Amino acid sequence: MTAHLDVLAFDGEPFDALLGSASPGEERLPAAHNEPEPPAEPRPDRDHPQPTASPAPRNEAAANLVADLIRDVRAELVATHLSAMAVQSALQRRALAALGRTRRNSGTTQPVKVAYTPATGLTVEAAPPGRALELPPPATTMSAFKALARTQVTTLDQAALAALARGEIAAVFGSAYDQHGDNSDVRLVSGAHANLTRVTELTRHGGSWHRGQLRAEYFAGTGDVPAAIELAWQAAQVFALQNGLHLCLAGSGFHAGTEQSEVDISAPIDGAGELILDVVSMDLIPRPWLRVRAEVRKAGAVVARVRDLVLEIREAPGTPVAPETGGVISTSFGRYNADGERALLNEFHMTHSARGDLGIALGPEFSAYAGRRATRMPNHGLQLCDRVMAVEGRRGDLTSAAARTEYDSPADSWYYAETANAAMPNVVYMETSLQSALLLGYFLGATLTAPDEDYSLRNLDGTATVLREVDLRDKTIRQKTQLLSTTVLVGAVLQSFSYELSVDGEPFYRGESLFGFFNETALANQNGLDNGAFVPTWFDAQRTPPAFRTVDVAARRAAPGKVRAAQGHLALLDTVDVVDGGGRHGRGYLRAVRPVADGDWFFAYHFHLDPVMPGSLGVEAVLQALQEWALDAGLADGLAAPEFVVPAGLPLSWRYRGQILAEDREMTLEVHIEDVQRRPGRVRVLAEASVWKPGLRIYELTGVAVELRDRGAEPW
């Protein structure tokens, strides 16, 4: 390769296909995006000498015609050839420019070991090459980290950064971040070589991994590697504070993770510039932490990259993080609600109850369940209880007890985006209420009656009623749960509860439910709703197969009309078969079959080490079939702006006597239409339903109802 790569030229005359053998000229390619246009095509009659003409034919007119034709063909071929050369030159320049950019930005990768404690400060040491960390997949709406607190503050000036450095976190982000003196060691740490001067953007779900991104301005002195680390470290602290990671531990402080980081320096880091930080992963287990990658830029060019820097939040030595024996909680764990009331257990404990250390979640009696199939809360996006605020009762006393819990329902939660409803779907009403109830029974020690057994939790019966229509976006749902009874059997413990949910001081949902804790033997003996007998669907029981039509749910989901269809995780059905005038009541009959596979999303979220489809999703599938029938029957035609809501004032009852597992391969549901009711601006459909696994009827639902309303219509 020559030394002057910026000059590319064609050596020799353009080829002439009429004078010798040559490949046809290439077609001109469009100019590359953001690359300069190829130079203007040379005029062959002026910019290059012309080849010698062939001898003239005898007929002068014919000779002139042939000569002109040859000249035109030559000119076109030469122009085509030169155009191809211009494109080739542009492509070569583009490749060489990319090579130059790579050479300028790659630098030398230096493995480093970062250490930080509030006592020792930040240190950066060279380290031997380590094993590269596996990058996680981008977060989905279901797996995304749920911030412990939320704020409208997404930019920070120098004054705000200075306040964070003084530990005045609530003064910057709002009262939801107030720990009432429980976390005096958490503060933004400044650097010796470089500091952020302004945060220009903070997004919770941005960046390459959809887990969050921070953009900031900085000023650096000298010390390239330490400066790059300090900037990434400060940005990671700001992101952690804005997401409230510090709120779940009392007396906590920032620490560096034990993982090895890498720094890539390609130019000096000094003066002013921009930092862009992407959050790679974030969690509360075993303690709150996040892993980040960052780019340091000057004048728009990347001058340094920091990879896999891990920031942890740990409690001060000797600070309790879990209940004591007997479930006693004698100290604050650092979490307060919006009213300034101290939480007994918080998001940290709920996360451990779902997929971590049950001893941290509930107390040392539960540590023996590590690695075993044990009762757990659902995890990630299906975990719908955030805090236990109070428990009235004593561990081991299973006769009566009560609890108060809270769940924050952010407006950007996956279920608001994916439901066909105008507000919260029924599955979340059910799961929110049932999870808090099961947590009370578990905390009191229902499974400790036989600590050597591995118990699975299953919901058995329930009745619940929406009391009023309410928009729960960005609201805190407060629940009161009462333990009504406990029955201890061989291989099983049965508990019944009542519960009431409220928002802004007013109840909106009330119900009762029965749970069972089952060992492996008892779980295997489930024989369905009909004592093990096979009961066919109404459709299959007819002597002559009835005529039916099929509603294409998947097609409507792909091209929704006036009323949206369920999407994403809540897209539970693709088709619904309809028998007009069929069913037990002669008002209409619906049947749908849903395939079940190992990779269905809910098995990973419900439950850890004990995957089972939530019964509430089976109920949701029934409601979706009924919604699709209502639209197909034209019940929305008289409404100007129709939308689905969960009907208020109608009790929904369910009985579960079996479970949907991955090996079942399919779930079948049927719905019997009972009635269609109308009010001004509203239409209700009432029904009853059943759900089958292969060979066994396992769910029975009564009081099933969906409602279409005109936006702004008066309550029913």
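The model is predicted: local features need pLDDT of at least 70, side-chain atom pairs count only at pLDDT 80 or more, and totals for chains, interfaces and linings use all residues. Residues are numbered from 1 along each chain as its sequence is written, and side-chain values use heavy atoms, with hydrogens and water left out.

The protein contains 13 helices and 23 strands, where helices (H or I, at least four residues) and strands (E, at least two) are DSSP runs numbered from the N terminus. Of the 716 residues in the protein, 51% are buried; buried denotes under 20% relative accessible area, exposed over 50%, and partly exposed the range in between (1.4 Å probe, protein chains only). Contact means heavy atoms within 4.5 Å. Among contacts between residues at least 6 apart in sequence, 73% join residues at least 24 apart.

Helix α13 (residues 615-632) has 18 residues and reaches 26 Å from its first C-alpha to its last, close to the 26 Å expected at 1.5 Å a residue; the expected span is 1.5 Å times one less than the number of residues. Of the 18 residues of α13, 17 are buried, and the helix is thus described as mostly covered. Gly634, which follows α13, has a positive phi, near 80 degrees. Helix α5 (residues 347-355) is also mostly covered, with 8 of its 9 residues buried. The buried residues of α5 are Glu347, Phe348, His349, Met350, Thr351, His352, Ser353 and Ala354, and they pack against β7 (271-283), α6 (358-362), β10 (387-392), β11 (401-409) and α8 (426-444). At the start of α5, a side-chain oxygen of Asn346 comes to within 2.8 Å of the backbone nitrogen of Phe348.

Strand pairing requires that DSSP find at least two bridges between two strands. Strand β5 (residues 252-256) is largely enclosed by the rest of the structure, because 5 of its 5 residues are buried. Both faces of β5 are covered, with Ser252, Phe254 and Ala256 buried on one side and Gly253 and His255 buried on the other. Strand β5 is joined by 5 bridges to strand β9 (residues 301-315), and the two run antiparallel; within this pairing, Phe254 stands opposite Ile313 in β9. Strand β17 (residues 575-579) has 4 of its 5 residues buried, so it is likewise largely enclosed by the rest of the structure. Strand β16 (residues 549-552) runs antiparallel to β17 and is joined to it by 4 bridges, with Val551 opposite Val576 in β17. Strand β17 is also joined by 3 bridges to strand β18 (residues 589-595), again antiparallel, and Val579 stands opposite Tyr589 in β18.

Aromatic pairs were assigned to rings of Phe, Tyr and Trp (its six-membered ring) with centres within 6.5 Å; planes under 30 degrees apart count as stacked, over 60 as edge-to-face and the rest as tilted. The count by this rule comes to 17 aromatic pairs. The ring centres of Tyr116 and Trp233 are 5.4 Å apart and their planes lie at 55 degrees, so this pair is tilted. Because Tyr116 lies in strand β1 (residues 108-117) and Trp233 in helix α4 (residues 224-242), the pair ties together parts that are 117 residues apart in sequence. Tyr116 is buried at 9% relative accessibility, as is Trp233 at 1%. Tyr415 and Tyr416 form a further tilted pair, 4.8 Å centre to centre with 55 degrees between the planes. Tyr415 is buried with a relative accessible area of 1%, and Tyr416 is buried with 3%.

The charged end of Arg395 sits over the ring of Phe443, 4.6 Å from its centre. Arg591 lies over the face of Phe539, at 4.0 Å from the ring centre.

Ala687 lies in strand β22 (residues 682-693) and is buried, at 0% relative accessibility. Leaving aside neighbours within four places in sequence, Ala687 is in contact with Leu626, Val671, His672, Ile673, Glu674, Gly703 and Val704. The C-alpha atoms of Ala687 and Arg587 are separated by 9.6 Å, although these residues are 100 residues apart along the chain.

How values were computed: A charge sits over a ring if NZ of Lys or CZ of Arg is within 6 Å of the ring centre and within 35 degrees of the ring normal. A polar contact is a pair of N or O atoms within 3.5 Å; within protein, one must be able to donate a hydrogen and the other to accept it, and residues adjacent in sequence count only if both atoms are side-chain atoms.
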